[in-house]
Amino acid sequence: MKKSALQKARATYQPKLPIVLTGAVKAVEGQPTQSVANQAEIKELFPNTYGLPELKFEKATAPAPSKPINVGVILSGGQAPGGHNVICGLFDGLKKINKDSRLYGFLMGPGGFVDHQYKELTADFIKDYRNTGGFDIIGSGRTKLETKEQFDKGLEILKELNISALVIIGGDDSNTNAAVLAEYYKSINAGVQVLGCPKTIDGDLKNDVIETSFGFDTATKVYSEVIGNIQRDCNSAKKYWHFIKLMGRSASHIALECALQTQPNICIVSEEVEQKDMTLQQVVDYVAEIVAKRAANGNNFGTVLIPEGLIEFIPAVKRLIAELNDLLAKNAEEFATVAPADQRAYIIGHLSKENAAVYESLPEGVARQLSLDRDPHGNVQVSLIETEKLLSEMVGKRLAQWKKEGKYNGKFSAQHHFFGYEGRCADPSNFDADYCYALGFNAACLIKGGFTGYMSSVRNLTKPSVQWIAGGIPITMMMNMERRNGKMKPVIQKALVNLDGAPFRKFAEQRDDWAVNTCYVYPGPIQYFGPSEVCDQPTLTLKYEHQGK
């Protein structure tokens, strides 16, 4: 396989481990934990894995001799930079426990586990994937592990391969599946540990002990490079407003981090829109007013960052979507028989009066997109809704109205962008390369310790990597009950942007200046070689969160 010069150079990079993981370790148990909400319901659903203590690894005096361990690994959900390094760290950690330990990768996600599709990952095979982006080492998939039949079918291959631990690398839903699987295998004494690793570029899988999900650092740096390039072009041509939609269906962490890095004229934060109970028209007017202010200064150009999940955070639309999700879940078969020309009328006729009015008021294209096929969790596929075009179209109409009224005398021309897949498979930054390797190596330590139902945790992440703190957090600690496909289910609670948190406060202090003046920052591409202040910095979100503590 032909490799670029960068690929060859990156293959030689040796990720830096926390110093505590470089020798023998012992697990120190903290206090028993409880779920973030719905404690009684979660405890009842997870009687064998609820209330476990947090774990912190400390150096041990001498390594105890260990038998070989066979482990399975699954990449689940969307890709995130650094997934390969999690597997490499896991592999190296297992080999350190015993050189005869073996690692098996289940192909194309959880589906490969259920269908017994796997590959043994050897040193020769793994070496080509160190410090690379993507999930192509074994592939990923979105099959949900939620039925006893799936669990039992997977257990067959685990027994056949003498696998005693399974590591699921994924986001909140995938780690929820890991918790359910850990509970089931514990309840039947299957002799299989199940552990999770926190993955999602969206940045919404975190808490006090999971400081960030892997991939967020690299993805936001990739997006910020391109936003910076657009802003440089924008400031050169001085004739376009660029509406840029960014990944982040359930939270605005990506948009906020990119705003902190690039200082655009406008960044909409969905959580603030929801807190202020803003309507779609109020969001449009907010953007239009800034366009008009800049035009008054002779600046008919600018940039607007938009989280892809914005529509769902507008309270009136959110209530509509919640009812729509239930309606289409309960009436899926009947709705499938309705002719496309009659679907709008069908939906309006089956909604409550308030939500029917909101649905009817939406532009027809957006309304239609809200009723498209659901994702595997029964939710609207918001990434298909072209929010950036919707906003620019509505802003254009508002400005045209103001022009007639003599309130605006500028020129408005829009360009549209959606940055999504571009950030998911980049070669991991030095931060993500180190963090992911440590997460995998740490998972091997959790396996050796006999733990199950835990997520690999590495924190203290704004310090040099040798000072990072390693351990484990019970997955049930992060859970609450949410409605999915019309039913209440246990899931990991998503971490939204904290409007009282340091990163948002830092943004809010500066955005009025960024709006009217041109304060663009151009981060440039990720640097892998050079001084630490250029190559090894974590995200500004992490930096400000730690400063705020």
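In what order do the 9 strands of the open sheet run? They go β1-β2-β13-β12-β7-β6-β3-β4-β5, with mixed pairing (strands are DSSP E runs of at least two residues, helices H or I runs of at least four, numbered from the N terminus; two strands pair if DSSP finds at least two bridges between them). Bear in mind that this is a predicted model, where local features need pLDDT of at least 70 and side-chain atom pairs count only at pLDDT 80 or more, while totals for chains, interfaces and linings use all residues. Residues are numbered from 1 along each chain as its sequence is written, and side-chain values use heavy atoms, leaving out hydrogens and water.

β1 (25-32) and β5 (118-121) sit at the edges with a single partner strand each, so one side of each has no neighbour in the sheet. Further in, β3 (residues 70-75) pairs with β4 (residues 102-106) in the parallel sense over 4 bridges, and V73 has G105 in β4 as its bridge partner.

V73 also turns up beside I87: leaving aside neighbours within four places in sequence, I87 is in contact (heavy atoms within 4.5 Å) with residues including V73, L75 and L103. I87, L90 and L246 touch the most other members of the largest nonpolar core, which has 76 residues. Such a core is a set of buried Ala, Val, Leu, Ile, Met, Phe, Trp, Tyr and Cys residues joined through side-chain atoms within 4.5 Å, buried being under 20% relative accessible area with a 1.4 Å probe, protein chains only. Apart from this core lies another, of 47 residues, V273 and L391 among them.

Key:
Buried means under 20% relative accessible area, exposed over 50%, partly exposed in between (1.4 Å probe, protein chains only).
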